Amino acid sequence: EVEKIRIKITSLGLTESRITADETIQQLFVECRLNNFLAEETPLSLPKPTGSQRIHYNYSTVINVDKEDNHAEREYLKSILLKPDLSADSLKFTVVSDPPEDEQDLECEDIGFAYVSLKEIFQKQRDIIEQDIDVFDSQDASAVIGKLTVTVEALNALRSVHEECK
């Protein structure tokens, strides 16, 4: 029960930007990545939202971090807690443009990134529930292009790993 990180990608809204103006960007999906060994993506790509609309993925996934079967993930969580300067302490959400069926020569393109710091969840002792996080432009990390609503329940798993570190 404890040894899991639950992730839910609820919805995405975009603000006016090069993304909303770009007509080659039509369908979007979201990938969630933990460091470099785990990536999950929403099974559906949805039409790009316009105006103040949001698109709803309601996609949930679970990362198991139990000792028996998921040693690498667990060691990574330990490193987050033990190394204060570790830069890769976040779950990374990538908004990806999925080319239309008739444009198969186009490739999937990362258009934005959003982050949830696992270290912060542990420091604040608080999971992130249905929270809007900023999506930053993949071409300009200072520009916010939208909001992604996510849930990340990692506190119990992090506590369990922390106990083990002592």
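Which strand is Leu-28 found in? Leu-28 sits in strand β2, residues 27–34. Strands here are DSSP E runs of at least two residues, helices are H or I runs of at least four, and both are numbered from the N terminus. At 0% relative accessibility, Leu-28 is buried. Buried means under 20% relative accessible area, exposed means over 50%, and partly exposed is in between, with a 1.4 Å probe and protein chains only. Leu-28 and Lys-8 are 20 residues apart in sequence, and their C-alpha atoms are 16 Å apart in space.

Some ground rules. This is a predicted model, where local features need pLDDT of at least 70, side-chain atom pairs count only at pLDDT 80 or more, and totals for chains, interfaces and linings use all residues. Residues are numbered from 1 along each chain as its sequence is written, and side-chain values use heavy atoms, with hydrogens and water left out.

Now the whole chain. It has four helices and nine strands. In sequence order the pattern runs β-α-β-β-β-β-α-β-β-α-β-β-α. The radius of gyration is 17 Å, close to the 15 Å that the globule rule gives for 166 residues, so the chain is as compact as a globular protein of that length. That radius is taken over C-alpha atoms, and the rule is 2.2 Å times the number of residues to the power 0.38. Along its principal axes, the C-alpha trace spans about 55 × 30 × 25 Å. Of the 166 residues, 46% are buried. Take the contacts with a separation of 6 or more: 63% of them join residues 24 or more positions apart. Contact means heavy atoms within 4.5 Å.

Next, the core. The largest nonpolar core has 43 residues. Such a core is a set of buried Ala, Val, Leu, Ile, Met, Phe, Trp, Tyr and Cys residues joined through side-chain atoms within 4.5 Å. Leu-91, Phe-93, Leu-118, Leu-148 and Val-152 have the most contacts inside it. Strand β1, residues 4–14, gives the largest share of this core, with five residues. Take Leu-91. Beyond its neighbours within four places in sequence, its contacts include Ile-7, Cys-32, Leu-34, Ile-63, Leu-118 and Val-152.

On to the helices. Helix α2, residues 71–82, packs on helix α4, residues 155–165, at about 75 degrees, with the axes 9 Å apart. Axes are lines fitted to C-alpha atoms, for helices over the stretch in contact, and angles run from 0 to 180 degrees between N-to-C directions. That makes α2 roughly perpendicular to α4. The cut-offs are 65 to 115 degrees for roughly perpendicular, under 35 for roughly parallel, over 145 for roughly antiparallel, and oblique for the rest. From α2, the contact uses Arg-74, Leu-77, Lys-78, Leu-81 and Leu-82. From α4, it uses Leu-158, Ser-160, Val-161, His-162, Glu-164 and Cys-165. By class, that is six nonpolar, two polar and three charged residues. Here Ala, Val, Leu, Ile, Met, Phe, Trp, Tyr, Cys and Pro count as nonpolar, Asp, Glu, Lys and Arg as charged, and the others, Gly among them, as polar.

What is buried in α4? Leu-155, Ala-157, Leu-158, Ser-160 and Val-161 are. They pack against β1, α2, α3 (118–124) and β9 (140–153).

Back to β1, for Thr-10. At 8% relative accessibility, Thr-10 is buried. Most residues other than glycine have a negative phi. Asn-58 has a positive phi of about 45 degrees. Phi of Glu-130 is positive too, near 45 degrees. Asn-58 lies in β5, residues 54–64, and Glu-130 in β8, residues 128–137. Asn-58 is partly exposed at 47%, and Glu-130 is partly exposed at 39%.

Two more residues. Lys-147 is in β9 and partly exposed, at 34%. Its C-alpha is 8.1 Å from that of Thr-15, 132 residues away along the chain. Among the residues Lys-147 touches are Ser-11, Arg-54, Asp-132 and Asp-134.

Last, Pro-99, in the loop between β6 (90–98) and β7 (109–117). Pro-99 counts as buried, at 13% relative accessibility. Beyond its close sequence neighbours within four places, Pro-99 is in contact with Gln-104, Leu-106, Glu-107 and Cys-108. Pro-99 and Glu-109 are ten residues apart in sequence, with 8.3 Å between their C-alpha atoms.
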